[in-house]
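Please have the sequence and the structure at hand before starting.

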Amino acid sequence: MAVLESEQLQIAEGILRQFLPESLKVYGCLFNINRGKPHNIEVIADSWPAFKVILCRPKRQGVLDREGDFNIHSIFSRDKESLGKLLQRPGVIDWSRFSLLAGVDLKHLDVVKDLALSRNVPARTQTVVYVMTLEDSSQLRQLPEHSDAGCRLARLSPSHAELVNANWSFGGDRNSYNSVLNYISHNPSLCVLDERGKPISWILMYQHCALGLLYTLPDHRRQGHAKLLVTEMSRQLLEQGYPVYCFVEEENQISYQLFTSLGFRHKPDYRAVWFQLSLRQQAGSSGAPAL
């Protein structure tokens, strides 16, 4: 087992590119780390340099944000046997503490379930998602001209964090506010401003580079704002060299249809899983994690 340092993280990012889309969540974490973005992530490989598993976990416990609240461990594994061996090593996972294993390959999930069962650890699948990707701007669909002439596109500012958090399905508390503020302050974002300069629709990027928090205020829906934001944000990100992808829950047909209509695709035989270990002790937090 190896804890990866600066030079190794650069090498690992390049290797992980060979395993997209399965490696995207971990790849996205390393992409931002390697470009100097603030983070609270420790990166572990089962071996180096010929790794088969990489795990990104919180470096410090007790950080008051969404990632710390849910003790999120992002995982990429090339095979389930290697994943099982790493998770069994002392100190890799605190099986007594609530953790959310994010991005587990559905084909490798049974080994995680077996390990939890052998330790009498309560565990359950939180959600199963499609990993929707856009590889180049030529895949983007041409949109009709935007009808709301009084609106304009802009980047979100930190002053908008309260509004975004209040309307985030996984937000609403102080920890989620801190995450939203971090996303806005350090990552690309885009919003539609009305004639008064107030955001009415927006999209952000998580610390693992996935698009997320796409939302339009109810009075401004069915005007094409979401399609405009996804298209323009994706174009800008591709120009800047970012991976462009998002997670869509299997049951969320509205989001699935939106992203496929804009040119996003997913690998037919691949799904990622968010898997919960142990029981949550915190009170007052939303029961669902950020994707």
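**Exercise 1.** Are Tyr-245 and Phe-247 buried or exposed?

*Solution.* The model is a predicted one. Buried requires under 20% relative accessible area, and Tyr-245 as well as Phe-247 is classed as buried. The rings of Tyr-245 and Phe-247 form an edge-to-face aromatic pair, with 5.4 Å centre to centre and 85 degrees between the planes.

**Exercise 2.** Determine which parts of the chain the pair formed by Phe-70 and Phe-98 ties together.

*Solution.* Begin with the geometry: Phe-70 and Phe-98 are edge-to-face, 6.0 Å centre to centre and with 65 degrees between the planes. Next, place the residues: Phe-70 lies in the loop between helix H3 (66-69) and strand E4 (72-77), and Phe-98 in the loop between helix H4 (80-88) and strand E5 (99-105), so the pair ties together parts that are 28 residues apart in sequence. Finally, check accessibility: both Phe-70 and Phe-98 are buried.

**Exercise 3.** Locate the largest nonpolar core relative to domain 1 and domain 2.

*Solution.* The largest nonpolar core has 77 residues, and those with the most contacts inside it are Leu-30, Val-43, Ile-54, Leu-204 and Phe-264. Helix H2 (residues 24-33) supplies the largest share of this core, seven residues. Because domain 1 (2-130 + 271-277) and domain 2 (137-267) both give residues to this core, it lies between them. Apart from this core lies another, of 22 residues, which includes Val-92 and Ala-116.

Terms used. Residues numbered from 1 in each chain as written. Predicted model: local features only at pLDDT ≥ 70, side-chain atom pairs only at ≥ 80, totals over all residues. Heavy atoms only, no water. Core = buried A, V, L, I, M, F, W, Y, C linked by side-chain atoms within 4.5 Å. Buried < 20%, exposed > 50% of the residue type's maximum accessible area, 1.4 Å probe, protein only. Helix = DSSP H or I, 4+ residues; strand = E, 2+ residues; numbered from the N terminus. Domains from an automatic or database assignment. Phe/Tyr/Trp six-rings, centres within 6.5 Å; stacked < 30°, edge-to-face > 60°.
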